[in-house]
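Could you walk me through this model by way of questions and answers?

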Amino acid sequence: MAWAVWALATPTTMAQPLAAHSAPPGGALALRVSAGTAQLQGLSPEHLLIAARRRQLPHAAQLECAALDSQLPVLARNLQRATPADKAAAQAALEQTQARFRALRC
């Protein structure tokens, strides 16, 4: 099919840059394909955006973000279940972990 298009093209149109015919800038095509795949796998668009943002992070930060993902719910649960005497320590631990999560831009 592409051969027929080039056979009909004039020398003027062939001299045009191919940028108009290339993939969308910024990997938009890849994101669209990923979005379709994510929907098939049951992932929400928010999860897809988080995954795309984390791919830009260094490997060590990606690993730390994954660890923080599992720690944050546990710390929140510990805060809810904490006795009044332990509540301040649980709150401090949760806030420290949340601050690290934001600092890494997870």
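**Inside and outside**

Reader: Is T97 buried or exposed?

Author: T97 has a relative accessible area of 11%. With a 1.4 Å probe and protein chains only, under 20% is buried, over 50% exposed, and in between partly exposed. T97 is therefore buried.

Reader: Good to know! What kind of model is this?

Author: Residues are numbered from 1 along each chain as its sequence is written, and side-chain values use heavy atoms, without hydrogens and water. Local features need pLDDT of at least 70, side-chain atom pairs count only at pLDDT 80 or more, and totals for chains, interfaces and linings use all residues, as this is a predicted model.

Reader: Which residues is T97 in contact with, leaving aside its neighbours within four places in sequence?

Author: T97 lies in helix 6, residues 87-104 (helices, H or I of at least four residues, and strands, E of at least two, are DSSP runs numbered from the N terminus). Its contacts (heavy atoms within 4.5 Å) beyond those neighbours are L68, Q71, L72 and L75.

Reader: How are helix 5 and helix 6 oriented to each other?

Author: Their axes, lines fitted to C-alpha atoms over the stretch in contact, come within 9 Å and cross at roughly 155°. Angles between N-to-C directions run from 0 to 180 degrees; under 35 is roughly parallel, over 145 roughly antiparallel, 65 to 115 roughly perpendicular and the rest oblique. So helix 5 is, relative to helix 6, roughly antiparallel.

Reader: How far apart in space are N78 and L94?

Author: N78 lies in helix 5 and is partly exposed, at 41% relative accessible area. Both N78 and L94 are among the residues where helix 5 meets helix 6. They are 16 residues apart in sequence, while their C-alpha to C-alpha distance is 9.0 Å.

Reader: Which hand does the disulfide of C65 and C106 have?

Author: This is the one disulfide (cysteine sulfur atoms within 2.5 Å) in the structure, with an S to S distance of 1.8 Å. It links distant parts of the chain, as C65 is in helix 5 (residues 59-81) and C106 in the segment after helix 6, 41 residues apart. C65 is buried at 0%, and C106 is buried too, at 5%. The torsion about the S-S bond is about -80°, so the disulfide is left-handed.

Reader: And which residues of helix 4 are exposed on its other side?

Author: In helix 4 (residues 45-55), the buried residues are L48, A52 and R54. On the other side of helix 4, the exposed ones are E46, H47 and L49.
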